[in-house]
Amino acid sequence: MSNSKVVRLGTRASVLATTQSRTVAQALEVAAASAGVPLEVELVKVRTRGDVDPASLTRLGGVGVFAAALRETLLDGGCDLAVHSFKDLPTVPVPGLMVSAVPQREDPRDALCLSPELVARGVPGLEALPLGARVGTGSPRRCAQLLALRPDLELVDLRGNVPTRLARVVGSVVSVDGPVGASREPNLDAVVLALAGLRRLGLESYATLVLADTPERAEVTGAPLMLPAPAQGALAVETRIDVAEQLPALATALAVLDDPVTRAAATAERALMTGLQAGCAAPVGALAQMADGALRLDAVVVSPEGARQVSVREHSELAEAQTLGMRAAAALLAQGAGEVADLGATKPADGGPREPA
């Protein structure tokens, strides 16, 4: 690639973040080559929480520290693009930046990962877990939906990256490339993680049961229904707004990489959150996907203890994704979503980093 244009892709240093970023980097190089504009993408590891002075992030309006660190680097010219897990990217835009590409989405569903002991006993999944089983998750949305299905479960808050969380049930985590992360003494019966993250890390074999993301799939597969987080499984590639002018080869490659259906789906799901004025800890599940030639959005708001919920299904044309999300939010609010749960709930900034999972 001696004649290639070199661009810098900002990424967090975690295993999942660098894996996602390498995948995007490779896809951009292939897209650029196919368009006749050779491109070489270098990864730039960006310091995140604990390394960054919070004062330097104030101009970003209080967004999540992981996204903020990458965005600060973009704005300062330390990198030319950044890859985010779209579900963890704040819905409020940052002046000077834009989401230039949304690659094709990985499977958005959640996965239940059981301990080897329960797997050996032939426990098929969530409904067959022992009474009072200890299940780990750091997501209020997952907690609420789990309790709606199994109110007896003991839910344990999880922190850390995907291998660290998974080790809580399996002890030693091994991917196709060998051991991943540190071993520990397992103390949970199960954890719930995003299937997308497990797949990207080569850890899908630990997914005992993939939870259903629509009532139809639940009926066909028999798996419990759990709507994913808005934009789960999707990535967002963010650049400065002048990318077409300053880096035309990169802009061309990004246009090739962008998947219109995934972008529309993520737009609808994130517009739902905007319409609900939902915080990052609001127990809201949503999934938009093509069905019978239209974009269909399923969404649910569940009370934290799982006892109450309201749901909605709306349809629109692909080009009306933003309106679709706002319409679904209005329908949920009309059903009393604001009384079902604290839609403005946010996670307390008191416990160290969490990795999207």
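View 1. M290 lies in strand β13, residues 284-291 (helices, H or I of at least four residues, and strands, E of at least two, are DSSP runs numbered from the N terminus). In this predicted model, local features need pLDDT of at least 70, side-chain atom pairs count only at pLDDT 80 or more, and totals for chains, interfaces and linings use all residues. Residues are numbered from 1 along each chain as its sequence is written, and side-chain values use heavy atoms, without hydrogens and water. M290 is partly exposed at 38% relative accessibility (buried is under 20% relative accessible area, exposed over 50%, partly exposed in between; 1.4 Å probe, protein chains only).

**View 2. Residue S21 in helix α1.** S21 sits in helix α1, residues 15-34. S21 is buried, at 0% relative accessible area. Beyond neighbours within four places in sequence, S21 contacts L9, T11, L43 and V83 (contact means heavy atoms within 4.5 Å).

**View 3. Helix α4 and its cover.** Helix α4 spans residues 140-149 and is largely enclosed by the rest of the structure, because 7 of its 10 residues are buried. These are R141, R142, C143, A144, Q145, L146 and L147. Their cover includes β5 (110-114), β6 (134-136), β7 (154-156), β10 (190-194), β13 and β14 (294-302). At the start of α4, a side-chain oxygen of S139 comes within 3.3 Å of the backbone nitrogen of R141.

**View 4. Confidence along the chain.** The average pLDDT is 91, and 91% of the residues score at least 70 (pLDDT is the predictor's confidence in each residue, from 0 to 100). Over residues 50-63 the pLDDT is below 50; this stretch has 18 contacts beyond near neighbours in sequence.

Note on methods: Polar contact = N/O pair within 3.5 Å; in protein donor to acceptor, adjacent residues only side chain to side chain.
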